Amino acid sequence: MSNPTIEQLRARVSGAVITPGDDGYDEARRVYNAMIDRRPAVIVRCTDAADVTAAVDFARENGLALAVRGGGHSVPGFGTVDGGVVADLSGMRAVRVDPEKRTARAEGGATWGAFNEATGAFGLATTGGIISTTGVAGLTLGGGIGYLARGFGLSCDNLVSAEIVTANGRTVTASEDEHADLFWAIRGGGGNFGVATALEFRLHPVKDIYGGPMFFDLKDAGAVLRFYREFIADAPEQFGGFPAFQIAPPLPFIPEDRHGETFLAFVACWAGPLDEGERALKPLHDVAPVVAEHVGPMPYSALNGAFDALVPAGLQHYWKANFVRELTDDAIAAHLGHGPKDPTVNSTVHIYPINGACHRVAADATAVAYRDANFAAVIAGMWPDPAQNDANIKWVRDYYAATAPLSEEGGYVNFMAGDDQDRIKANYRSNYPRLVDVKRRYDPDNLFRVNQNIKP
Ligand SMILES: Cc1cc2nc3c(=O)[nH]c(=O)nc-3n(C[C@H](O)[C@H](O)[C@H](O)COP(=O)(O)OP(=O)(O)OC[C@H]3O[C@@H](n4cnc5c(N)ncnc54)[C@H](O)[C@@H]3O)c2cc1C
């Protein structure tokens with residue numbers, strides 16, 4: 001690549017354009033998963049849609065791969081690329097709420113923390129992720145699972161429109177009325193179709209919730225999981241939350257002599273009337289003695305930031321995932337065989353419920369095909385020390401080998417590892433051919449290929 005071309009790019013964009021050797025290059029190329037160590041040719045710190053267009057044009061005209069970075073949380077490191085262009089939207093994080101229309105417009109690099117703070121000020125929310133530092137765009141474009149999913153559907157089900165810079169450098173609005181095929185594909189199809197510079201969401205009245213984490217002894221884990229399976233099938237849709245295998249962190253509400261011990265945790269989120277919260281969570285308390293808990297009324301945004309400290313940027317990550325229709329006794333036995341071996345306090349296994357409103361969207365209404373799955377399970381290996389990579393990856397793979405045969409073939413794209421590219425068709429089931437068709441129309445040369453790639 002010649003200097004003049006980089007100079008032209010610098011002249012065109014308002015944000016910083018960072019190349020190898022520039023001050024701050026190492027910081028700028030870093031992503032959330034510290035296992036990812038890639039050296040892009042250029043990183044464009046986008047400040048607006050015009051900067052994004054410049055980065056897209058530059059990559060296309062130079063025949064370079066393009067990575068799009070929103071919140072930077074991609075476990076396979078799709079927010080960066082060796083020798084290519086990074087369009088880094090992390091500076092574009094504004095969120096604007098229209099309380100009258102009950103909508104919010106988030107820029108393409110906004111995080112859920114910023115989103116929930118902004119909407120929470122008006123007593124409004126939509127389905128988002130459970131960690132505040134995750135990107136709104138990356139999470140939503142892949143589907144979007146969180147506490148409110150049973151009540152309001154996936155994040156992508158709440159998308160009203162998106163402003164997309166497509167591979168040819170044009171900006172289009174995708175909605176039910178405009179570029180409806182693109183709008184269909186971006187609700188689950190990930191970053192395959194363009195860069196979302198802004199996303200507009202439908203909001204719902206949610207301010208304070210009643211919930212938080214509860215810890216059960218491992219000897220009761222089977223009973224809690226079996227209870228959860230039955231209870232969640234027809235629990236009120238204001239009830240969200242999930243069971244998790246979790247090592248107890250050194251927190252004041254957990255008895256000190258139990259710190260470091262592995263538990264079956266349950267994180268609950270009752271988004272109905274606050275005075276009904278205690279009653280809503282009572283069935284869980286009745287299953288087995290609760291060893292420790294931090295449950296009560298709190299702002300929805302507080303629950304969404306409650307676990308941030310367990311997953312700081314800079315850990316090593318390796319994840320595996322499946323959708324689950326029936327959490328059978330055999331599947332529970334497989335979880336009981338591997339969950340208690342959780343090797344670090346950062347690692348965890350979550351079994352998210354995705355029934356309720358998620359099921360009321362037809363399997364072909366958006367790219368997300370698994371509308372009959374009741375759970376999305378993720379084995380999230382996260383640990384600080386690279387010297388422990390082999391042992392931690394082995395834990396994830398062994399766990400996955402035991403549970404995958406008892407699960408659906410596909411899994412949630414946003415929980416997939418870098419070595420899961422051969423599962424992409426299975427993730428989209430019968431929606432895959434239509435995704436290929438839309439890809440051919442909007443990105444025939446596969447400029448957007450640094451992702452769980454749908455090949456044109
Ligand atoms: C700690 C942690 C917690 C998580 N919790 C949840 C959860 O509760 N629920 C859930 O559903 N998922 C969760 N995830 C998974 C998460 O949805 C994915 O990692 C997602 O890709 C993150 O998006 P990002 O913008 O932060 O990531 P990035 O690494 O910036 O981007 C990931 C991918 O999204 C695409 N992308 C990002 N921004 C844009 C954009 N503006 N336009 C076009 N494409 C874009 C890119 O193509 C890239 O391939 C979690 C992940 C982590 C690491």
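Me: In this predicted model, a crossing counts as right-handed if the near helix is turned clockwise from the far one by less than a right angle. Which hand does the crossing of α8 and α9 have?

Reply: The crossing of α8 and α9 is right-handed.

Me: What makes α8 roughly antiparallel to α9?

Reply: Helix α8 (residues 221–234) packs against helix α9 (residues 277–287) at an angle of about 150°. Angles over 145 degrees count as roughly antiparallel, and α8 is therefore roughly antiparallel to α9. The axes of the two helices are 9 Å apart.

Me: Which residues make the contact, and how are they classed?

Reply: Helix α8 contributes Ala223, Val224, Phe227 and Phe231, while α9 contributes Ala280, Pro283, Leu284 and Val287. Ala, Val, Leu, Phe and Pro are among the residues that count as nonpolar, so the contact of α8 with α9 has 8 nonpolar, no polar and no charged residues.

Me: What lines the second largest pocket?

Reply: The second largest pocket contains about 380 Å³ of space. Of its 20 lining residues, Arg30, Val31, Tyr32, Gly71 and Gly72 are the closest to its centre. The lining divides into 6 nonpolar, 8 polar and 6 charged residues.

Definitions and conventions. Residues numbered from 1 in each chain as written. Predicted model: local features only at pLDDT ≥ 70, side-chain atom pairs only at ≥ 80, totals over all residues. Heavy atoms only, no water. Axes fitted to C-alpha atoms, helices over the stretch in contact; angles between N-to-C directions. Helix = DSSP H or I, 4+ residues; strand = E, 2+ residues; numbered from the N terminus. Parallel < 35°, antiparallel > 145°, perpendicular 65-115°, else oblique. Contact = heavy atoms within 4.5 Å. 1 Å grid on protein atoms, 1.4 Å probe; cavity = no way out; pocket = protein on both sides within 12 Å on 5 of 7 lines; lining within 4 Å. Points joined across faces, edges and corners; volume = space filled by probe spheres on them.
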